[in-house]
Amino acid sequence: MYGAEPVNEESERTAFRKAEKKYKIYYENAKKKKIPRSVDLSEVIDFRSILESFKGGGDLPAGVFELKCDFNQPVFGLVSRPGFYFIPAALSIEEQCHWIRESLTSFPQPPNRTNHNAIYGPLQDLFLAAKEGKVLIEEDTLAENIISEANLDQSNVNTPRWKYIKELDESFSRDAGKSVSASVLLRKLRWSTLGLQFDWSKRSYNIALPHKKIPDKLCMLAKRMAAPAMPCSEEFHPEAAIVNYFGLGDMLGGHLDDMEKDWSKPIVSISLGCKAIFLLGGKSRDHTPIAMFLQSGDAVLMAGEARECFHGVPRIFTDPENAEIGTLESQFSDENNLPFLDYIRTSRVNINIRQF
Ligand SMILES: O=C(O)CCC(=O)C(=O)O
Ligand SMILES: [Fe+2]
């Protein structure tokens, strides 16, 4: 899965790698300003404009078909990739706002794990701490600085090693030891896992890790989205989800999601925030991938043969001309929502939900 891309000369030459390099963000230095190199996007499929033209009675482009199903809006497939379906604008703007809030405030909460666990252990309320300008500091450092603090029991092995303090706490000298601001950690949040926990070091699910069920509302959403790709009269049972967080320059390298037992069940993948490019390859990295835009509210289903296809996200767009988040921005424009607005302006969130 992730990190599966071996960096050697051979992999650098594959068709998938070439496409990743084509769309990845590179900078040119013009008058000491970093400017993103312009990239030819003419081959990137835009399902939003396909939807608009389809609704207006226009024909579908060659290679794209409409899946006949009971979903309440058009579901498109690609002739060359059986089992792959794209639902443009699957989520309403209200639903998008709801899942962005959840992705930032509730999904990274323990016992769910995030990429920060390996260094900092379980971190509560990262989004709130970032909003309040807090700093995370290693407890030994804290003990040296605020020796009289009653709640610091060094003999208690359950006491977390890292704690938040208020940035302007005068009793703490920043130079004394390891510290990192919560807002930096929020920017560096790359994934969180819901439901059954995925152990990245072993590249498998670990049922022994403490976990909560996938929230009911997310289950309902995933079931509704999965329906067009489900085997006849079967229902999707979400058991695990991975939430990916992308900032400018972040990419998700080509990979296969092959850890689930039953590939007839789809992976339901929901995009939120800034627009991205998704590459859908074939069963080997030598297949030239199909590039498509993913916008906030789009859903992608990968089932059957498409489960065996390499895929990845080489690029997100955070510039106002390309990010396509105008409506989201207006929803988040009141004062209470400013921290969400600030985050989503330069970020993309992907929630992908799986069954075993
Ligand atoms: O971010 C995306 O759209 C794809 C995510 C993905 O492929 C994964 O998490 O396995
Ligand atoms: Fe994936």
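Tutor: Let us begin with a term: a residue is buried if 20 or more other C-beta atoms lie within 10 Å of its own, exposed if 12 or fewer, and partly exposed in between, with C-beta atoms placed from the backbone. This is a predicted model, in which local features need pLDDT of at least 70 and side-chain atom pairs count only at pLDDT 80 or more, while totals for chains, interfaces and linings use all residues. Residues are numbered from 1 along each chain as its sequence is written, and chains are lettered from A and ligands numbered from 1 in the order in which they are written.

Student: OK, what percentage of the residues is buried?

Tutor: Of the 356 residues in the protein, 37% are buried.

Student: And how many helices and strands are there?

Tutor: The protein has 11 helices and 20 strands, where helices (H or I, at least four residues) and strands (E, at least two) are DSSP runs numbered from the N terminus.

Student: Which residues of strand β18 are buried?

Tutor: In β18, which spans residues 299–302, Ala-299 and Leu-301 are buried on one side and Val-300 and Met-302 on the other, which leaves both faces covered. In a regular strand the side chains alternate between the two faces of the sheet.

Student: Which strand pairs with β18 over 4 bridges?

Tutor: Strand β5 (residues 84–87) pairs with β18 in the antiparallel sense over 4 bridges, and two strands count as paired if DSSP finds at least two bridges between them. Within this pairing, Phe-86 has Val-300 as its bridge partner. Strand β15 is also joined to β18 by 4 bridges, again antiparallel, and there Ile-270 stands opposite Ala-299.

Student: Switching topic, which residues does UniProt list for "binding site"?

Tutor: The unreviewed UniProt entry lists His-255, Asp-257 and His-311; although they are spread over 57 residues of sequence, they cluster in space, with a largest C-alpha distance of 8.9 Å. UniProt positions are given in the numbering used here, feature names are shortened, and annotations may be inferred rather than shown by experiment.

Student: Why does His-255 count as partly exposed?

Tutor: His-255, found in strand β14 (residues 252–255), counts as partly exposed because it has 16 C-beta neighbours inside 10 Å. Asp-257 lies in the loop between β14 and β15, and Asp-257 is partly exposed because 18 other C-beta atoms lie within 10 Å.

Student: Last one: which residues surround ligand 1?

Tutor: Among them are Asp-257, His-311, Phe-278 and Asn-350, where a residue is near a molecule if its C-beta atom, placed from the backbone, lies within 6 Å of it.
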